[in-house]
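Here is a short note for a colleague who is opening this structure for the first time. Please read it with the model on screen.

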Amino acid sequence: MSVHADVMRIAINDRSAELRDQLRERLRDRLARAAQLRCTEHGQPVVEVTIHGRENGWFDSRWTTCCAALERQATSIVKDRC
Ligand SMILES: [Zn+2]
């Protein structure tokens, strides 16, 4: 297994490339912290997150994780507004 298997994949969707870049920049630290998480039960990192930009800095996030507990931890870090 390569070390890259442990890197959380991040996809950011928004109406324009400019807004995508803004979202990525504003969420950089939070996403980095979410990527450091390890599930206490399964020892797994977050596999993937997809951010969908909405209006006025709000966004939706969709997570791929080993379980709901890890997803809750990740969501509490990244939240839903930047
Ligand atoms: Zn888990």
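Predicted model: local features only at pLDDT ≥ 70, side-chain atom pairs only at ≥ 80, totals over all residues.

The points below go from the overall fold to single residues.

1. **Overall fold.** The chain has three helices and three strands. Along the sequence they follow the pattern β-α-α-β-β-α. The radius of gyration is 13 Å, close to the 12 Å from the globule rule for 82 residues, so the chain is as compact as a globular protein of that length. The C-alpha trace spans about 35 × 25 × 15 Å along its principal axes.

2. **Burial and contacts.** How much of the chain is buried? Buried residues account for 13% of the 82 residues. Take the contacts between residues at least 6 apart in sequence: 53% of them join residues at least 24 apart.

3. In soluble globular proteins, nonpolar side chains tend to be buried together. Here the largest nonpolar core has ten residues: Leu27, Leu31, Ala34, Val46, Val49, Ile51, Phe59, Leu70, Ala74 and Val78. H2, S2 and H3 each supply at least two residues of this core. H3 gives the most, with three residues.

4. Helix H3 covers residues 68-78, and its Leu70, Ala74 and Val78 are buried. Why do they count as being on the same side of H3? They cover an arc of only 65 degrees around the axis, which puts them on the same side. An α-helix has 3.6 residues a turn, so residues three or four places apart point the same way. Ala68, Arg72 and Ser76 lie on the other side of H3 and are exposed.

5. **What H3 packs against.** The buried residues of H3 pack against helix H2 (28-36) and strand S3 (59-64). Leaving aside neighbours within four places in sequence, Leu70 is in contact with Leu37, Cys39, Val46 and Thr65. Just after H3, Lys79 takes a positive phi of about 60 degrees.

6. In which sense do S2 and S3 pair? Strand S2 (residues 48-53) and S3 pair in the antiparallel sense, over six bridges. Val49 has Trp63 in S3 as its bridge partner. S2 and S3 form a hairpin, with five residues between them. In the turn, Asn56 has a positive phi of about 55 degrees. Val49 also belongs to the largest nonpolar core.

7. **His42.** This residue sits in the loop between H2 and S2. Is His42 buried or exposed? His42 is exposed, because 12 other C-beta atoms lie within 10 Å, and a residue with 12 or fewer counts as exposed. His42 touches Cys66 and Cys67, not counting residues up to four places away in sequence. His42 and Cys66 are 24 residues apart in sequence, and their C-alpha atoms are 7.3 Å apart in space.

8. **Arg26.** Arg26 lies in helix H1 (residues 17-26). Arg26 counts as partly exposed because it has 14 C-beta neighbours inside 10 Å. Arg26 and Gly57 are 31 residues apart in sequence and 9.6 Å apart in space, C-alpha to C-alpha.

Technical notes: Residues numbered from 1 in each chain as written. Buried ≥ 20, exposed ≤ 12 C-beta atoms within 10 Å, placed from the backbone. Helix = DSSP H or I, 4+ residues; strand = E, 2+ residues; numbered from the N terminus. Arc of directions from axis to C-beta. Contact = placed C-beta atoms within 7 Å. Pairing = 2+ DSSP bridges. Rg over C-alpha atoms; globule rule 2.2 N^0.38 Å. Core = buried A, V, L, I, M, F, W, Y, C linked by C-beta atoms within 7 Å.
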